[in-house]
Amino acid sequence: MDLVSPNGVSSVDWVSESLASQNQPQLKWHKAHFNAPNGVEPLALDMSSMGKGQVWINGQSIGRYWMVYAKGNCNSCNYAGTYRQAKCQVGCGQPTQRWYHVPRSWLKPKNNLMVVFEELGGNPWKIFLVKRIIHTPRSSKPNLMTNTTQG
C-alpha cells in the first residue's frame with residue numbers, strides 16, 4: 001500500500017484521534033503533516049514519548065526507535081580509587097537514545113509527511129522536531145550538540 005509515502009498515504013482511511021484519547025492499543029499507525037522550520041541548523045526528532053517502532057519523513061526511513069532506559073547506580077561520581085566499568089554511570093532513568101536525525105534535504109518548505117508505526121503504545125502528541133546548534137569548542141575536541149528549540 002506504500003503507506004509511508006506522500007502518494008500512498010491517501011490510499012488508506014485514517015481515523016482522527018483527539019488529545020483526550022487515553023486508549024493506546026498496540027500496533028498503531030500515526031501520521032502528521034508539518035512545515036519545515038526556518039534556518040540551516042541540523043534537525044532531530046525527539047521520540048522520547050514513544051515506545052518502539054519506526055518513523056518515516058516524506059517516505060524516507062528515519063529508522064527504528066526503541067525507548068530503552070538506562071539503569072544502574074547513578075549516585076554522584078567520584079573518580080578516586082580503582083577503575084570499574086560501572087563506576088560513574090550517567091543518564092540513569094533516561095532513554096539510551098532520544099534524538100533521531102532528520103536530514104533537511106528530505107524536507108519541503110510546507111506539507112511534509114511524518115508517518116510513525118508504534119508497537120507499544122507511545123504518545124505521538126509529544127513528538128517534537130527540534131533544531132540543534134553545533135558548538136565549536138576552543139580546543140581540538142569534537143563538536144557538541146545541544147537542543148535549542150522545539151516546534
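Residues are numbered from 1 along each chain as its sequence is written, and side-chain values use heavy atoms, without hydrogens or water. Because the model is predicted, local features need pLDDT of at least 70 and side-chain atom pairs count only at pLDDT 80 or more, while totals for chains, interfaces and linings use all residues.

Strand S3 (residues 52-57) runs antiparallel to S4 and is joined to it by six bridges, where strands are DSSP runs (E) of at least two residues, numbered from the N terminus, and two strands pair if DSSP finds at least two bridges between them. Lys52 has Trp66 in S4 as its bridge partner, and in this hairpin, with two residues between the strands, Asn58 takes a positive phi near 50°.

Trp66 also contributes, with Val68 and Leu120, to a nonpolar surface patch of about 300 Å². Val68 lies in the loop between strand S4 (60-66) and strand S5 (99-102).

Asp46 is found in strand S2 (residues 43-46). Leaving aside residues up to four places away in sequence, Asp46 touches (heavy atoms within 4.5 Å) Arg98, Trp99, Lys126, Ile127 and Phe128.

The table uses relative accessible area (buried under 20%, exposed over 50%, partly exposed in between; 1.4 Å probe, protein chains only).

| Residue | Relative accessible area and class |
|---|---|
| Val68 | 38%, partly exposed |
| Asp46 | 2%, buried |

Conventions. Patches are made of residues with over 30% relative accessible area and no salt bridge: like charges are joined within 9 Å, nonpolar side chains (Val, Leu, Ile, Met, Phe, Trp, Tyr) within 5 Å. Accessible areas come from the Shrake-Rupley method with a 1.4 Å probe; for residues, only the protein chains shown count as cover. A salt bridge is a side-chain nitrogen of Lys or Arg within 4 Å of a carboxyl oxygen of Asp or Glu. Helices (H or I, at least four residues) and strands (E, at least two) are DSSP runs, numbered from the N terminus.
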